[in-house]
Amino acid sequence: MMKTPYLRAHTPKTFADIPEATAYEAGYLVTKNAGWRNMRPVIDQDKCIGCLQCYLYCPEGVIAKDTENEKKVKIDYDFCKGCGICRRMCKLDAIRMEAEKQ
């Protein structure tokens, strides 16, 4: 059994080297955004009521409750792909998409 996580760069040499299931546990992101995102979601904290609809529909799982204010949410921009699904799911328009600053 391999002690280190299975990586794409790993070339299996035997059948024992091939993972039987997903390479990582769910919720374990391994690479940061590569810099190709051109739009980023920004949360208007005054409008956000913490309903977590954005959290439920985020395909990357980068939205979480804010530890400082549990009725609000925050976004982990290191892993956000900028897809905009969170903006479309927010019924209060508390999320807007802004051009990525480079």
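Modeller: Asp 66 sits in the loop that links β2 (63-65) to β3 (73-75). Helices (H or I, at least four residues) and strands (E, at least two) are DSSP runs, numbered from the N terminus. This is a predicted model, with local features needing pLDDT of at least 70 and side-chain atom pairs counted only at pLDDT 80 or more, while totals for chains, interfaces and linings use all residues. Residues are numbered from 1 along each chain as its sequence is written, and side-chain values use heavy atoms, leaving out hydrogens and water.

Colleague: Which side chain of opposite charge is nearest to Asp 66, and how far away is it?

Modeller: Lys 74, at 4.8 Å. Asp 66 is buried but has no salt bridge. Buried means under 20% relative accessible area, exposed over 50%, partly exposed in between (1.4 Å probe, protein chains only). A salt bridge needs a side-chain nitrogen of Lys or Arg within 4 Å of a carboxyl oxygen of Asp or Glu. On charge, Lys and Arg count as positive, Asp and Glu as negative; His and the chain ends are not counted.

Colleague: What does the side chain of Asp 66 reach, then?

Modeller: The backbone nitrogen of Glu 68, at 3.1 Å. That is a polar contact: a pair of N or O atoms within 3.5 Å; within protein, one must be able to donate a hydrogen and the other to accept it, and residues adjacent in sequence count only if both atoms are side-chain atoms.

Colleague: And which residues is Asp 66 in contact with, leaving aside neighbours within four places in sequence?

Modeller: Lys 72, Val 73 and Lys 74. Contact means heavy atoms within 4.5 Å.

Colleague: Lys 65 next. Where is it?

Modeller: In strand β2. Lys 65 counts as partly exposed because its relative accessibility is 44%. Not counting residues up to four places away in sequence, Lys 65 touches Leu 52, Glu 70, Lys 72, Val 73 and Lys 74.

Colleague: Switching to Arg 37. Buried or exposed?

Modeller: Buried, because its relative accessibility is 7%. Arg 37 lies in the segment before β1 (39-43).

Colleague: Which side chain does Arg 37 join through a polar contact?

Modeller: That of Glu 100, at 2.8 Å. A polar atom of the Arg 37 side chain also lies 3.0 Å from the backbone oxygen of Tyr 77. Arg 37 and Tyr 77 are 40 residues apart along the chain, with 10.0 Å between their C-alpha atoms.

Colleague: How many residues are in the largest nonpolar core?

Modeller: There are 14. Those with the most contacts inside it include Ile 43, Val 73 and Ile 75. A nonpolar core is a set of buried Ala, Val, Leu, Ile, Met, Phe, Trp, Tyr and Cys residues joined through side-chain atoms within 4.5 Å. Leaving aside neighbours within four places in sequence, Ile 75 is in contact with Pro 41, Ile 43, Val 62, Ile 63 and Cys 80.

Colleague: How many disulfides?

Modeller: Zero in the whole structure. A disulfide is a pair of cysteine sulfur atoms within 2.5 Å. For Cys 51, the nearest cysteine sulfur is that of Cys 90, 6.0 Å away. For Cys 58, it is that of Cys 83, at 6.2 Å.

Colleague: Where is Asp 93?

Modeller: In the loop between α2 (85-89) and β4 (95-99). Asp 93 has a positive phi of about 55 degrees, although it is not a glycine. Asp 93 is exposed, because its relative accessible area is 54%.
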